[in-house]
Each structure stands twice: as structure tokens, then as C-alpha cells.
Amino acid sequence: MHLKALTLIGMMISIVTGITVGVLWHQRADDGLGASADKTLGAALREVQTNYVHNISEEQLIDFAISGMMQGLDEHSDYLNKRDFKALEANTTGEFGGIGIELGLVDDLFTVIAPIDNTPADRAGIRAGDRITSVEGVPLRNKKLIEVIRTMRGKPGTELTLKIQREEQPQPFELSIVRETIKVSSIKSELLEPGIGYLRISQFQTNTSDDLENALETLVSESATQLEGVILDLRNNPGGTLVSSVEVVDLFLNQGLIVSTKGRLKSSSTKYRATHGDQLAGAPMVVIINGGSASASEVVAGALQDHGRATLIGSTSYGKGSVQSVVPLNSDQALKITTAHYFTPLGRMIHQTGIQPDVALDLNDEELMAAAVDLLRSKGQDQQALRVELAD
């Protein structure tokens with residue numbers, strides 16, 4: 001099968017808003033499937049149609065066959081039937097009825113990567129790492145990720161009941177959450193003290209870099225002086241568009257590689273580089289990450305760390321560094337298939353590894369902010385000595 005890339009951007013299906021998907025158009029090779037595979041699939045189809053206890057349409061059987069093949073690849077590849085394809089399109093708009101979590105499969109369990117700021121899930125107390133074992137009383141064993149996502153979506157104002165297993169609690173518990181129209185504001189900014197700015201990115205969306213640049217300008221005007229340093233908070237940021245993450249990194253670099261993708265096909269291997277124009281003019285940065293920082297947020301953290309542009313504090317990130325592309329089969333159906341992996345500027349693979357902080361800290365919010373400010377204020381001090389002191 002020959003694949004021609006139109007765009008190639010990372011993606012993870014989300015309860016809130018998914019990463020913008022790359023679209024790959026394909027042309028079937030002249031000889032199609034091998035004769036042996038064609039014959040075997042045809043024979044299996046005929047036997048099921050003839051002998052199965054219930055009458056199943058050929059269209060359904062083909063759906064089952066393709067779905068099974070995709071699930072056998074990895075946890076992110078999937079078959080999108082007509083309903084799923086439409087759901088994916090809604091997912092990229094950033095606005096629909098849901099509860100506001102990013103969900104993934106970890107050890108075959110549906111696991112919360114992160115709740116999104118100020119959404120029903122966040123306000124209900126759902127945490128990164130929570131395992132969802134049933135929805136509306138229906139166990140999720142053997143369910144597809146996209147099916148679970150579809151179940152969680154619904155009309156705003158309707159209630160959804162989840163059963164949750166949390167690591168530190170011996171027994172599962174139930175939470176009832178009312179769905180809302182999810183509108184994610186990706187940037188939050190605050191002047192912590194004169195010269196020290198705080199920026200939080202909750203998710204990477206199409207306009208995130210523009211909003212971040214505006215937030216920086218606002219912080220400068222509020223500070224009445226050039227910013228001495230900035231804290232960039234990426235905790236519980238489940239990702240978003242790859243292009244947006246590249247644009248955010250570009251705000252703080254003058255040159256160099258930001259991220260590369262590497263796949264089996266030439267069209268799946270790309271490099272994204274910075275352009276001149278550091279918006280902070282080299283002022284120090286501290287980036288905070290944790291286990292809920294995934295995908296595009298790991299691209300940002302890894303790039304700023306590799307370039308020595310920022311000190312990373314917190315805990316190791318999630319480790320979602322694979323690129324999914326949508327391959328349309330026709331106007332109603334498509335494959336979502338893993339085509340590449342992300343690599344940091346120094347060639348570190350993000351997938352299933354994550355980004356490790358320079359300073360591992362397990363502190364409450366107030367203590368973590370104080371540590372970040374201390375790092376920013378230490379520009380004239382022995383940076384390495386301070387890191388060791390904080391780590392102890």
C-alpha cells in the first residue's frame with residue numbers, strides 16, 4: 001500500500017478535544033492483497049455467513065475483521081466506522097458534551113491521563129492515574145477505547161456514573177458527573193511577584209501559541225519591567241496539536257531542532273525547527289511536569305530541556321509519543337494508524353519512556369511554586385548546587 005502524506009500531526013482520542021489528525025490518502029497497489037490472504041479472508045467470511053447461529057450482514061463482518069486487525073497493532077491504532085469517523089471530526093472542534101478527561105489504555109485498563117482544568121471531571125475530583133472500570137454500570141472489559149469515549153459523551157446536563165479504582169484506595173468507588181459543553185481555555189497566566197510570571201497550558205489547541213504570546217505581553221505590562229523569569233506549568237496537560245506545541249517552543253528558542261518524527265515511510269519522518277525570536281530574550285524558565293503531562297506537552301518539555309532553555313521540575317511525564325494518522329478508506333470510514341514516534345532534539349524517544357525532570361520533586365502546589373521561584377531567582381547562583389539541595 002502506498003501512502004502519500006498531506007499532513008502529519010500527532011493525535012490521541014480524547015474526551016475533551018483530540019490532537020489534530022494528519023490525513024494520509026492511499027492508493028491500492030495494482031496486485032492488491034496477496035492471493036493467499038484474499039482466499040483465506042474470503043473463506044472465513046463465507047463460513048461465518050453460512051454457519052453462525054445469527055444472520056450477520058457482510059458489512060458488519062467486514063467491520064469486525066478490520067477492527068480486530070487494528071486492535072492487534074497497538075492501543076492507539078483503530079478502525080473508524082461511520083459513527084466513529086463523525087465522532088473524530090467532532091473531537092477536533094474542541095466543543096461538545098462530555099466530562100473533560102483524557103483517557104488512555106494502560107496495561108489494558110482504561111486510565112485517566114489527566115482531567116482538564118475546570119471541567120466536570122476536574123471539579124468532581126477525578127485524578128490522573130484513576131482507572132475507570134465501568135460506565136453506567138456496564139463493565140469496560142474488552143471494550144474499545146473509542147467505544148468508551150462515545151459512551152462518556154452525551155447531551156450537556158445529563159448525568160454519567162463511573163466506577164473508579166484508585167491506587168491508594170482498596171475498594172472501587174462510584175462518581176456521578178453531569179456532562180457539560182466542554183470549552184477548554186488553554187492558557188492561564190499570573191504575575192506571582194514583580195518580574196516572575198506564571199503560565200499554565202492546560203491543552204495545546206490551534207491558537208495556543210498566539211494566546212501564550214498575548215499572555216506574555218500582559219505579564220510584562222503588569223510587571224512594568226522585563227520579566228526576570230517564567231514558570232511554565234504543564235502538569236496534567238494531556239497534549240493537543242503537534243503544530244501548536246512546536247509553535248510554543250519556538251516562542252522561547254532562536255534556532256535548532258524542536259522535535260522530529262520517525263516512521264517506516266519517508267513521509268512519516270519529519271523535522272520541526274525553531275525560527276529566530278526568543279520572546280523572553282533568554283530569561284530563565286522553569287517547566288513543571290508530572291505523570292499527567294503527555295504527548296504535545298512532552299514535546300515542549302523535552303525540547304526546552306534538550307536545549308538547556310528550561311529547568312524541568314516535578315515528576316516523570318506520561319510517555320505518549322506516537323503519531324497517529326487518519327487513512328480514509330472512503331467517505332464514511334477510515335483507519336487511525338500509528339505511523340511514527342516523536343523524538344526530542346537530542347534523539348530521545350518519548351513513547352513509553354516519558355520525560356524525566358531535572359529535579360524530581362513531590363511537593364504540594366505552594367511548595368512547588370516556591371521551589372520554582374527559587375530556581376528562577378538563582379540565576380547568579382550555583383544552579384547545580386541548588387538542584388541538589390532541592391532534590392534532597
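The charged end of Lys262 sits over the ring of Phe343, 4.6 Å from the ring centre; such a placement requires NZ of Lys or CZ of Arg within 6 Å of the ring centre and within 35 degrees of the ring normal. The structure is a predicted model, in which local features need pLDDT of at least 70 and side-chain atom pairs count only at pLDDT 80 or more, whereas totals for chains, interfaces and linings use all residues. Residues are numbered from 1 along each chain as its sequence is written, and side-chain values use heavy atoms, with hydrogens and water left out.

The chain has ten helices and 21 strands, taken as DSSP runs numbered from the N terminus (helices: H or I, at least four residues; strands: E, at least two). Of its 392 residues, 49% count as buried (buried, under 20% relative accessible area; exposed, over 50%; partly exposed, in between; 1.4 Å probe, protein chains only). The accessible surface comes to about 18900 Å², and carbon and sulfur atoms contribute 49% of that area; areas were computed by the Shrake-Rupley method with a 1.4 Å probe, and for residues only the protein chains shown count as cover. Among contacts (heavy atoms within 4.5 Å) with a separation of 6 or more, 68% join residues 24 or more positions apart. Zero aromatic pairs are present, a pair being rings of Phe, Tyr and Trp (its six-membered ring) with centres within 6.5 Å, classed as stacked for planes under 30 degrees apart, edge-to-face for over 60 and tilted for the rest.

In helix H5 (residues 145-152), the buried residues are Leu145, Ile146, Val148, Ile149 and Met152. Viewed down the axis of H5, these buried residues fall within an arc of 160 degrees and so line one face of the helix; the arc is that of the directions from the helix axis to the C-beta atoms. An α-helix has 3.6 residues a turn, so residues three or four places apart point the same way.

Asp306 belongs to helix H8 (residues 296-306) and is buried, at 16% relative accessible area. Its side chain makes a polar contact with the side chain of Arg348 at 2.6 Å. A polar contact is a pair of N or O atoms within 3.5 Å; within protein, one must be able to donate a hydrogen and the other to accept it, and residues adjacent in sequence count only if both atoms are side-chain atoms. Apart from neighbours within four places in sequence, Asp306 is in contact with Thr344, Pro345, Leu346 and Arg348.

Thr161, in strand S9 (residues 159-165), is buried at 19% relative accessibility. The side chain of Thr161 makes a polar contact with that of Ser176 (3.2 Å). With neighbours within four places in sequence left aside, the contacts of Thr161 are Ser134, Val135, Glu136, Glu174, Leu175 and Ser176. Of these, Glu136 lies in the loop between strand S7 (131-135) and strand S8 (138-139) and is partly exposed, at 44% relative accessibility.

Phi of Glu136 is near 55 degrees, a positive value in a residue other than glycine. Most residues other than glycine have a negative phi. Phi of Asn118 is likewise positive, near 55 degrees. Asn118 is placed in the loop between strand S6 (109-115) and helix H4 (120-124), and is exposed, with a relative accessible area of 58%.

Ser331 occupies the loop between strand S19 (322-328) and strand S20 (334-343). At 65% relative accessibility, Ser331 is exposed. The C-alpha atoms of Ser331 and Lys82 are separated by 8.5 Å, although these residues are 249 residues apart along the chain.
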